[in-house]
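Have the sequence and the model open side by side for this one.

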Amino acid sequence: MIPLLKVRKAGVYGSIQDKGRFGFQRFGVPVSGPMDAYAYEMGNYILGNPASSPALELFLGGQEFEALSDHRIVITGADLGAKVDGKAVPLWKTFSIHQGQSLKFTSPNKGSIAYVFPEGGFHSEELLGSASVYPKGLLGSSIKKDGILYAKKEKSTGFHRGLIPSEIPDYSDEVEVSVWISPHSEMFVPESLQEFFQTPYTMRSGDRMGYLLKGPELRFKNGGDILSEATQFGTIQVPNSGQPIILMADAQTIGGYATIGKIAKEDIWKIAQLRPGGKIRFKIRGQDPSL
């Protein structure tokens with residue numbers, strides 16, 4: 001266990017995440033894990049880390065760290081204006097950081113969530129089989145000023161590695177995602193359902209629990225309350241306000257609102273990386289007879 005980074009500024013939000021906490025949803029504990037699974041997986045791949053190694057997930061920038069040891073790290077995901085001692089550092093490619101240097105994330109230029117990985121991953125206590133932080137369940141805590149982040153092992157002498165440009169995603173402010181239609185689709189007025197798939201929605205606000213959208217109001221035939229049922233990462237709930245909510249990594253495991261569908265797993269990263277004001281177009285995967 002190597003002391004690696006001291007938190008000078010905690011920024012908007014940051015937490016340790018590994019692949020997630022599986023097997024406890026029936027007890028009301030969400031899986032958690034990375035919001036952008038691709039960025040997380042590629043970060044560990046670039047460094048040759050075990051696939052489930054813990055990473056530091058950062059939202060929207062504002063974080064500042066002091067390096068306590070020489071190490072080799074990689075930053076993937078959003079461009080949050082990462083700089084070492086005031087000089088921009090590469091993304092999706094390893095680089096060295098040295099004791100005493102300052103690592104800052106200045107502002108979100110593209111996307112909203114970045115991941116930081118040291119060789120071997122971060123050392124973090126596992127609770128219920130996972131190092132993923134879920135503060136609302138008292139399973140770890142977000143990063144705090146003056147906190148210390150530890151690497152699992154020392155820096156190696158390996159070559160620097162990175163992804164080729166064609167494998168690096170483009171984080172757009174306007175995305176299109178595929179949706180598996182929910183059995184609840186028959187609860188919506190048909191014209192309203194059609195409008196949902198023809199009109200872009202705007203991301204209003206959000207966090208690791210869910211993203212709130214704004215757009216044409218979704219109308220129900222006879223109300224949208226249901227008996228509570230299981231939900232998952234990417235479920236699109238529709239409360240009685242008619243404005244959709246996309247459930248994210250830390251969302252509740254059951255819900256009593258009707259759902260319009262579930263975002264395809266391979267498209268969730270597009271949603272995760274949106275910032276407030278971003279636009280979403282939904283397309284149907286598996287045609288619903290009512291549309």
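**A walk through the chain**

The protein chain exposes about 13200 Å², and carbon and sulfur atoms supply 52% of that area (Shrake-Rupley accessible area with a 1.4 Å probe; for residues, only the protein chains shown count as cover). Bear in mind that this is a predicted model, where local features need pLDDT of at least 70 and side-chain atom pairs count only at pLDDT 80 or more, while totals for chains, interfaces and linings use all residues. Residues are numbered from 1 along each chain as its sequence is written, and side-chain values use heavy atoms, with hydrogens and water left out.

As for the overall build, the protein chain has 3 helices and 20 strands (DSSP runs numbered from the N terminus, H or I of at least four residues for helices and E of at least two for strands). Its radius of gyration is 20 Å, close to the 19 Å that the globule rule gives for 291 residues, so the chain is as compact as a globular protein of that length (taken over C-alpha atoms; the rule is 2.2 Å times the number of residues to the power 0.38). Along its principal axes, the C-alpha trace spans about 60 × 40 × 30 Å. Of the 291 residues, 51% count as buried (under 20% relative accessible area; over 50% is exposed, and in between is partly exposed, with a 1.4 Å probe and protein chains only). Among contacts between residues at least 6 apart in sequence, 78% join residues at least 24 apart (contact means heavy atoms within 4.5 Å).

Now find the open sheet of 5 strands, ordered S2-S3-S10-S5-S8 with antiparallel pairing (two strands pair if DSSP finds at least two bridges between them). Its edges are S2 (13-17) and S8 (95-97), each pairing on one side only. Neighbouring strands here are turned by 30° against each other on average, direction ignored (axes are lines fitted to C-alpha atoms, for helices over the stretch in contact, and angles run from 0 to 180 degrees between N-to-C directions). Within the sheet, S3 (residues 55-59) and S10 (residues 110-118) pair over 4 bridges, and Leu56 stands opposite Val116 in S10. Helix H1 (residues 37-47) lies across S2, S3, S5 (71-79) and S10, running at about 155° to S5.

What about the interior? In soluble globular proteins, nonpolar side chains tend to be buried together. Here the largest nonpolar core has 45 residues, and Met35, Tyr211, Ile246, Ile263, Ile271, Ile280 and Phe282 touch the most other members (a core is a set of buried Ala, Val, Leu, Ile, Met, Phe, Trp, Tyr and Cys residues joined through side-chain atoms within 4.5 Å). H1 gives this core its largest share, 5 residues. Apart from it lies another core, of 28 residues, among them Leu4, Ala67, Ala78 and Leu103.

Strand S19 (residues 254-263) holds Ile254. Ile254 and Ala230 are 24 residues apart in sequence, yet 4.3 Å apart in space, C-alpha to C-alpha.

Most residues other than glycine have a negative phi. Asp85, in the loop between S6 (82-84) and S7 (87-88), has a positive phi of about 50°. Leu128, in the loop between S11 (122-123) and S12 (148-151), has a positive phi near 55°. At 41% relative accessibility, Leu128 counts as partly exposed.
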